[in-house]
Amino acid sequence: MIRSVQQLIERQIQKTRAQGGLSGLEGEGKPLPARPEEALVDTADAAGFRIMAQAGVVPEEIEIKKAIEALRKRLADIHADDARKDAMAELARLEMRYNIAREARQKFLQR
């Protein structure tokens with residue numbers, strides 16, 4: 001079943017290429033852009049997020065994940081106990097928001 005779908009997709013790609021439908025596309029002949037944020041999510045989600053980003057939409061989940069990573073980097077430089085405690089509390093809050101956003105997206109996609 002999967003093999004027949006793969007073959008169908010490959011035939012469609014070859015047909016479109018022969019008709020010139022894959023020529024002149026944006027980014028043709030250029031290397032793929034670096035997308036380090038895609039390392040934070042699985043491949044299927046990364047593809048969906050990329051499409052959203054091209055449309056000018058950044059999912060809340062990605063924004064929160066970037067904030068978490070930035071706070072973790074800053075946390076290494078914080079040595080005062082009170083400031084470190086506040087930063088750890090903020091990190092916990094961000095991680096909770098990230099998990100809620102991620103779970104909400106997954107439930108939405110299951111419908």
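Mentor: Before we start, one term: accessible areas here come from the Shrake-Rupley method with a 1.4 Å probe, and for residues only the protein chains shown count as cover. This is a predicted model, so local features need pLDDT of at least 70 and side-chain atom pairs count only at pLDDT 80 or more, while totals for chains, interfaces and linings use all residues. Residues are numbered from 1 along each chain as its sequence is written, and side-chain values use heavy atoms, with hydrogens and water left out.

Trainee: OK, what share of the accessible surface of the protein belongs to carbon and sulfur atoms?
Mentor: Start from the total, which is about 9,000 Å². The part that belongs to carbon and sulfur atoms is 56%.

Trainee: In what order do the elements run from the N terminus on?
Mentor: Helices (H or I, at least four residues) and strands (E, at least two) are DSSP runs, numbered from the N terminus. The protein has four helices and zero strands. So, written from the N terminus on, the order is α-α-α-α.

Trainee: Why is the protein said to be more spread out than a compact globule?
Mentor: Compare two numbers, with the radius of gyration taken over C-alpha atoms and the globule rule being 2.2 Å times the number of residues to the power 0.38. For 111 residues the rule gives 13 Å, and the protein is well over that because its radius of gyration is 20 Å.

Trainee: What percentage of the 111 residues count as buried?
Mentor: Buried means under 20% relative accessible area, exposed means over 50%, and partly exposed is in between (1.4 Å probe, protein chains only). By that cut-off, the buried share of the 111 residues is 16%.

Trainee: Which residues is Ala101 in contact with, leaving aside neighbours within four places in sequence?
Mentor: Ala101 sits in helix H4 and counts as buried, at 14% relative accessibility. Contact means heavy atoms within 4.5 Å. With those neighbours left aside, its partners are Glu60, Glu61 and Ile64.

Trainee: And which residues does Pro59 touch, not counting those up to four places away in sequence?
Mentor: Pro59 lies in the loop between helix H2 (43-54) and H3. This residue is buried too, because its relative accessible area is 12%. Skipping residues up to four places away, Pro59 touches Phe49 and Met52.
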